[in-house]
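Please keep the model open while you read this note. Check each point against it as you go.

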Amino acid sequence: MNAFSEVIAEAAPAASATTIRCTVADLRRAVSLAAGVVERWNLIPVLACLAFHPAAGKLTICGTDLDRLLSIDCPAECFAEFGSFTLDARQVSALLRGAEAKEIVTIQREPADAAGDVLSIQLGPLTIKRRQLIPIEDWPVMAEMDGEHEAITLPEGALRKVLDTCRHCISSEETRYYLNGVYIHAVEGLLAGVATDGHRLALCSSGHQWPLAAQILPTRAVATLGALLTVGGSNPISVTGWTKPRMKFAGEGWSLTVKTIDGTFPDYDRVIPKPNSDNYKGRAVLAPALFRRIPPGITSERHAAARLDLAERKLSISAPSDGLDASLPIEAEGEVTTGFNIRYLRDFTMHHGTIRLQINGSGDAALIHSEDPDFLGAIMPMRV
């Protein structure tokens, strides 16, 4: 049951080939999602618009930035004969924000004049006439890829978990563009994702089969999927992968086609330390509450180091430029003294809860574990 089916429009005219009717709630949701892939500033005017495609019983709304194409279905009374059209994404989003959720939106075609087509949009008591300045023929189409491809189905929650676990370690450094996303691939035939910026790494495994070719899913595509996929959701989604850099994700009432990053992700397994319980030299346990005691604003130094003295069971921060020295007791064992970027440690606890560092030496990367057995992290040391 959707919002449209719950509304009784007593005096509204019936939908026809020249009329589209839906609720503000349904249209607002679809427009908000589709507009999420539209860039705020565009040199190509049509990319600032959403494309609306009426069909029997639904209105499909599309947004694109040429790297992502998102299509969202909105329940509506309409017919394909109405014809497709474009509307400015920011303008229509603003209009819907000011309307009541249960109001009816009615879109009608006015008789064309010498200057082109005109749409009449009614939101409750408000009526707007909007000239079609950008024709639908200018809308860019992201064609389906030809060639070898394969499609699979998996629960949306499984993919969401992989992306959420890794995304905070994505690099923003444009010179190493191949690190600007989550590397989706198979480990022993099962779905896994990894992201790294060269200083920290997050790896998430899954119990779901992944026969598709490995791809690097860009940061913006990861964010879009985060808005579409439900945490822990069991609804099936379809994933199609091509040998060329392109992927398509489809769920109930939506589809997202993405240009993936055309590059080679580094062999991350070589940089993950391999100590085991028999030979590691130290360990430390860090909880989120620890970093609430030393919040980000405590020092102006962006790359402040947290010194871990395992023998003293102490974490300390020294920021000479701020005249600051601070220390806190931690749970630890071993004789190693080492340091790590405090912001990175804080991020790991914020996303994964209490973490356990497995340390093999003051100059070595440390392994990071959490209560989630599917997660594995790594962090490079700093001089302290």
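The points below run from the whole chain to single residues.

1. Basis. This is a predicted model, where local features need pLDDT of at least 70, side-chain atom pairs count only at pLDDT 80 or more, and totals for chains, interfaces and linings use all residues. Residues are numbered from 1 along each chain as its sequence is written, and side-chain values use heavy atoms, with hydrogens and water left out.

2. Whole chain. The chain has 7 helices and 25 strands. These are DSSP runs, numbered from the N terminus: helices are H or I with at least four residues, strands are E with at least two. The C-alpha atoms fill a box of roughly 80 × 50 × 40 Å, taken along the principal axes. Of the 384 residues, 47% are buried. Buried means under 20% relative accessible area, exposed over 50%, and partly exposed in between (1.4 Å probe, protein chains only).

3. Contacts. Contact means heavy atoms within 4.5 Å. Take the contacts with a separation of 6 or more: 65% of them come from residues 24 or more positions apart.

4. An open sheet. Four strands line up in the order β20-β19-β18-β22, with antiparallel pairing. Strands β20 (324-329) and β22 (337-341) are the edges; each has a single partner strand, so one side of each lacks a neighbour in the sheet. Neighbouring strands are turned by 25 degrees against each other on average, direction ignored. Axes here are lines fitted to C-alpha atoms, for helices over the stretch in contact, and angles run from 0 to 180 degrees between N-to-C directions.

5. Strand β19 (residues 314-319) pairs with β20 in the antiparallel sense over 6 bridges. Two strands pair if DSSP finds at least two bridges between them. K314 has P329 in β20 as its bridge partner. The two strands form a hairpin with 4 residues between them, and G323 in the turn has a positive phi of about 65 degrees.

6. A helix on the sheet. Helix α7 (residues 342-352) lies across β18 (305-309), β19 and β22. Its direction is at about 75 degrees to β22.

7. Aromatic pairs. Rings of Phe, Tyr and Trp (its six-membered ring) pair if their centres lie within 6.5 Å; planes under 30 degrees apart count as stacked, over 60 as edge-to-face and the rest as tilted. The count is 5 aromatic pairs. Y183 and F265 form a stacked pair, at 4.7 Å centre to centre with 5 degrees between the planes. Y183 is in strand β10 (residues 181-187), while F265 is in the loop between β16 (254-259) and β17 (282-286), 82 residues apart. Both Y183 and F265 are buried. Elsewhere, ring pairs link F52, F82 and F85 into a cluster.

8. Charge over a ring. The charged end of R90 sits over the ring of W41, 5.6 Å from its centre. The rule asks for NZ of Lys or CZ of Arg within 6 Å of the ring centre and within 35 degrees of the ring normal.

9. Two helices to inspect. Why is helix α4 (residues 156-166) called largely enclosed? Because 9 of its 11 residues are buried. Among them are L159, V162 and L163. In helix α5 (residues 219-228), look at T224. T224 counts as buried because its relative accessibility is 8%. Beyond its neighbours within four places in sequence, T224 is in contact with V37, R68, L70 and L256.
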